[in-house]
Amino acid sequence: VVNPHDNRVIGAVGAGDARDVDDAVRAARKGFAVWSATPGTERSRVLRNIARGIERRKDALAALETADMDKPIEESAWDIDDVAACFDYYAERCEQVFGGEAYAVEDVKLPMDEFTGQLRREALGVVGLITPWNYPLRMATWKVAPALASGCAVVLKPSELASLSCQVLGDVCVEAGLPTGAFNVVTGTGVAAGAALCAHRDVDKISFTGSLATGKVIMATCARDVKPVSLELGGKSALVVFDDCDLDKAVEWALFGCFWTNGQICSATSRVFVHAAIRDRFLARLKEAAEAIPYGNPSVEGCRLGPLVSAGQYKKVTEMVRKAKRARYTLLTGGSKPPSPECKDGFYLEPTVFVDVPLDAEIWREEIFGPVMCVK
């Protein structure tokens with residue numbers, strides 16, 4: 001485990017393989033038999049216990065996530081608040097749907113008198129959840145909490161670039177009273193652990209958040225067994241700024257939309273269309289505001305932009321910037337490593353804005369996943 005701020009090793013996680021995945025799936029199958037038969041009120045109680053356990057560890061979890069993938073510490077703290085709230089939300093939904101039963105049944109009115117119908121909600125089985133590194137515990141929770149509320153058993157494979165907080169979630173679940181085997185974490189690479197989880201014949205569903213290329217491979221793997229799969233595969237969002245806007249607010253939201261989480265977010269508004277009537281004023285304020293973003297050590301409160309998550313991600317993003325420079329696209333600001341001495345060993349890139357990039361350019365069309373904006 002490398003801290004992206006200074007490129008120093010801060011720990012290690014297990015390199016799980018197919019045997020580890022098989023152990024986890026077998027444990028999950030046993031845990032599923034118990035958890036799926038647990039009444040909804042009891043499942044809700046355990047989920048609320050998990051939320052309280054997260055709250056008690058908030059400061060430690062936030063610090064761990066910032067050290068692991070280096071988003072600013074205040075962002076990490078807000079994420080942990082959302083993690084606890086998410087478990088509380090699904091605890092309430094579990095009670096509403098299942099009540100005191102392990103599964104929910106309701107009568108369905110049919111148009112034919114000779115038939116009766118029922119809608120039965122029950123747990124699907126063992127689900128494999130593969131999550132990304134930009135919101136390590138938050139993204140995991142968005143999958144784990146509803147799966148557990150439904151009575152499913154979980155095998156979670158977090159990103160190898162940010163696994164630490166997800167391992168702590170395992171401790172929290174044990175403390176909260178979740179039955180043995182209902183929640184399992186296997187760390188490791190996507191090629192080894194992730195692929196084995198997707199291909200396992202005793203996994204009933206896969207949910208994946210990550211890149212388009214990996215999503216294609218996962219879909220093809222799951223198709224062999226006609227296994228249900230849910231995919232969330234990046235994006236390339238646009239922000240449209242009209243001439244009647246509040247200019248200061250528009251600049252604020254443009255910066256927030258692109259540079260939040262160090263620009264490493266699938267909903268980043270990394271391409272911006274600005275009305276010609278306000279374009280010059282917008283760009284002047286955008287440049288000033290982008291250059292004023294506090295960057296540096298994300299563990300220090302007040303930081304709003306930290307480094308990219310890894311050497312590989314840094315290489316990918318900076319190569320796209322270099323191509324844009326070679327193509328002589330207009331660089332409004334940024335485009336280099338910050339000159340600050342504290343950034344010299346980390347994977348840092350200044351807030352970067354290009355102007356008038358052609359619509360067929362790679363940097364305009366492709367997801368960047370870094371602090372880079374294009375304005376048209």
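How many nonpolar, polar and charged residues does the lining of the second largest pocket have? The legends below, which describe close-up views of a predicted model, begin with this pocket.

**View 1. The second largest pocket and its lining.** By class, 8 nonpolar, 3 polar and 3 charged residues make up the lining of the second largest pocket, and the space inside this pocket comes to about 220 Å³. Of the 14 residues that line the second largest pocket, Leu 129, Lys 143, Pro 146, Ala 147 and Lys 205 are the closest to its centre. At least two lining residues come from each of β5 (126-130), α5 (136-149) and β8, and α5 gives the most, with 5 residues.

**View 2. The largest pocket and the elements around it.** The largest pocket holds about 980 Å³ of space, and among the 42 residues lining the largest pocket, those closest to its centre are Phe 208, Thr 209, Gly 210, Ser 211 and Thr 214. Two or more lining residues are given by each of α7 (190-199), β8 (205-209), α8 (212-223), α11 (311-326) and α12 (362-365). Sorted by class, the lining of the largest pocket comprises 17 nonpolar, 16 polar and 9 charged residues.

**View 3. The cavity.** The structure holds 1 cavity of 30 Å³ or more, and the volume of the largest cavity is about 60 Å³. The largest cavity is lined by 13 residues, with Ile 265, Ala 268, Ser 270, Ile 368 and Phe 369 lying nearest its centre. Its lining divides into 7 nonpolar, 4 polar and 2 charged residues.

**View 4. The open sheet of five strands.** In the order β10-β11-β14-β13-β12, 5 strands form an open sheet whose pairing is mixed. Because β10 (238-241) and β12 (330-333) stand at the edges, each with a single partner strand, one side of each is left without a neighbour in the sheet. From one strand to the next, the twist averages 25°.

**View 5. The pairing of β12 with β13.** Strands β12 and β13 (residues 352-355) run antiparallel and are joined by 3 bridges. For Thr 333, the bridge partner in β13 is Val 353.

View 6. Helix α9 (residues 247-259) lies across β10, β13 and β14 (372-375), and runs at about 135° to β14. Helix α11 also packs on the sheet, where it touches β12, β13 and β14, and its direction makes about 30° with that of β13.

Methods:
Residues are numbered from 1 along each chain as its sequence is written. This is a predicted model: local features need pLDDT of at least 70, side-chain atom pairs count only at pLDDT 80 or more; totals for chains, interfaces and linings use all residues. Side-chain values use heavy atoms; hydrogens and water are left out. On a 1 Å grid over the protein atoms alone, a cavity is a set of points where a 1.4 Å probe fits but cannot get out, and a pocket is an open set with protein on both sides within 12 Å along at least five of seven lines; lining residues have an atom within 4 Å of a point. Grid points are joined across faces, edges and corners, and a volume is the space filled by probe spheres set on the points. Helices (H or I, at least four residues) and strands (E, at least two) are DSSP runs, numbered from the N terminus. Ala, Val, Leu, Ile, Met, Phe, Trp, Tyr, Cys and Pro count as nonpolar, Asp, Glu, Lys and Arg as charged, and the others, Gly among them, as polar. Two strands pair if DSSP finds at least two bridges between them. Axes are lines fitted to C-alpha atoms, for helices over the stretch in contact, and angles run from 0 to 180 degrees between N-to-C directions. Contact means heavy atoms within 4.5 Å.
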